[in-house]
Amino acid sequence: SKYRFGDNSSRYEKAFGRPRHDHLICLNCGDIIEFVNTDLDRLQTEVCEEHNFRFENSSLQIFGTCSKCQKK
C-alpha cells in the first residue's frame with residue numbers, strides 16, 4: 001500500500017495478509033506508530049450505515065508529537 005504522510009514523499013508498506021490498521025505520525029522525528037482500535041472500526045461501520053454508504057477502504061493518520069520527542 002502507498003501512503004502519503006504529509007512530508008511530500010510517499011511510503012510503502014506490505015498490506016497483503018495484514019489487518020487494517022491506522023497510523024500515528026510524529027511531526028518532529030518522522031516515526032510512524034501503527035495501531036488497531038476496534039472502537040474506530042465500529043464507529044466507521046456505524047457512520048457508513050447511517051449514510052447508506054458502501055465502505056471499501058479507509059486510512060486514518062494522526063499527526064502530532066511522539067513520546068520520545070516530548071521528552072526532549
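1. A residue is called buried when its relative accessible area is under 20%, exposed when it is over 50%, and partly exposed in between (1.4 Å probe, protein chains only). By that definition, buried residues make up 17% of the 72 residues in the protein chain.

2. This is a predicted model, in which local features need pLDDT of at least 70 and side-chain atom pairs count only at pLDDT 80 or more, while totals for chains, interfaces and linings use all residues. Residues are numbered from 1 along each chain as its sequence is written, and side-chain values use heavy atoms, with hydrogens and water left out.

3. The protein chain has two helices and five strands, arranged along the sequence as β-β-β-β-α-β-α; these are DSSP runs, helices being H or I of at least four residues and strands E of at least two, numbered from the N terminus.

4. Asn52 lies in the loop between α1 (38-50) and β5 (61-64), and it has a positive phi of about 50° although it is not a glycine. Most residues other than glycine have a negative phi. Asn52 counts as exposed because its relative accessibility is 73%.

5. Ser58 is found in the loop between α1 and β5, and counts as partly exposed because its relative accessibility is 21%. Leaving aside neighbours within four places in sequence, Ser58 is in contact (heavy atoms within 4.5 Å) with Arg20 and Gln44. The side chains of Ser58 and Gln44 are joined by a polar contact of 2.5 Å, that is, a pair of N or O atoms within 3.5 Å, where within protein one must be able to donate a hydrogen and the other to accept it, and residues adjacent in sequence count only if both atoms are side-chain atoms.
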